[in-house]
Amino acid sequence: MKHLLKMSDLTKEELLHILDVADELKADRKAGRPHPYLAGKTVALIFAKSSTRTRTSFEVGTYQLGGLGTYLNAKTEMQLGRGEPIEDTARVLGRYYDGIMIRTFKQSDVEALAKYSGVPVINGLTDYCHPCQILADLQTIREFKGGFDGLKGCYIGDGNNMCNSLIVGCLLAGMSFTAVCPKDYYPASDVLEFAKQYGDKFQIVSDPKEGAQNADVLFTDVWTSMGEEAETAIRQKAFKGYQINDEIMSVANEGCMVLHCLPAHRGEEITAEVFDAHADEIFEEAENRLHAQKAVMAVLMGGK
């Protein structure tokens, strides 16, 4: 494992190793045990998209691992905002830093950083995928459920970066998975092609109640992601009914978890009642962004 660019780059063994390290680092943090795997090392944290959880968790996580994280706003603080090619930026940062995290729009920018920087690159989110979030989700599922075998995950909503990564991550971990999306908002074609190798462990349907049947974990995300604000009215119409609510919960398995990557729009993709009933799971998931991302950094740059 040289980078974390997308979930499908990982083997099952690499995925489980990251989760094991995340659990170890979480226990160290709770017990107050130092874990300076990045002592003396530096990480560039590039943001072309605004963020709450990604920025804070990577900054805090780098510090807790003994390293230095530098926040870089791609639009206002870097020459990227004035047209410098990503390849040139990569060649420079790779000479200063031991690793790079980037949260941006195009997946090709992440791939270019990995190709030209010469140091490990972590995808903090693109329009195509969100691997760090899915690692945190899987860590949370394993904490609450004890494992993955025999579990069914179901995502309801836009076939976006979250859906793309959840399909790959959950199948890779050993779960079965159903994506519930309107036909005009399906996941990426290469993700659907990846899922074919898992046979009937993967399904894609358009009826939320059908997809949620016997689910052990339900996922959702906002109907309108960053950069899609002009489509808000169209998307609110297209996704009407694609909501986790009491009716959906009634067809899921007893003890079904609900996870949300946040921020949540209560009353749209999830009701306030369901969100509040599962807040412990959702905010444990948010905390696990810290531990899962520390694990990725420790594996890529700290020799774990």
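Me: Which residue is the bridge partner of Ile 102 in S4?
Reply: This is a predicted model, where local features need pLDDT of at least 70 and side-chain atom pairs count only at pLDDT 80 or more, while totals for chains, interfaces and linings use all residues. Residues are numbered from 1 along each chain as its sequence is written, and side-chain values use heavy atoms, with hydrogens and water left out. Strand S3 (residues 99-103) pairs with S4 in the parallel sense over four bridges; strands are DSSP runs of at least two residues (E), helices of at least four (H or I), and pairing needs at least two DSSP bridges. In S4, the bridge partner of Ile 102 is Asn 123.

Me: Which are the edge strands of this sheet?
Reply: The open sheet has four strands in the order S2-S1-S3-S4, with parallel pairing. An edge strand pairs on one side only, which applies to strand S2 (68-73) and strand S4 (121-125).

Me: What angle does the direction of helix H12 make with that of S4?
Reply: Helix H12 (residues 279-301) packs on the sheet and touches strand S1 (42-47), S3 and S4; touching means heavy atoms within 4.5 Å. Axes are lines fitted to C-alpha atoms, for helices over the stretch in contact, and angles between N-to-C directions run from 0 to 180 degrees. The direction of H12 makes with that of S4 an angle of about 165°.

Me: What volume does the largest pocket have?
Reply: A pocket is an open set of points on a 1 Å grid where a 1.4 Å probe fits, with protein on both sides within 12 Å along at least five of seven lines, and lining residues have an atom within 4 Å of a point. The lining has 30 residues, with Arg 103, Val 222, Ser 225, Met 226 and Pro 263 nearest the centre. Helix H2 (53-64), helix H6 (161-173) and helix H9 (232-238) each give two or more residues to this lining. The volume, the space filled by probe spheres set on the points, is about 570 Å³.

Me: What volume does the second largest pocket have?
Reply: Residues lining the second largest pocket include Ile 46, Lys 75, Ile 102, Phe 105 and Asp 109. The volume of this pocket is about 220 Å³.
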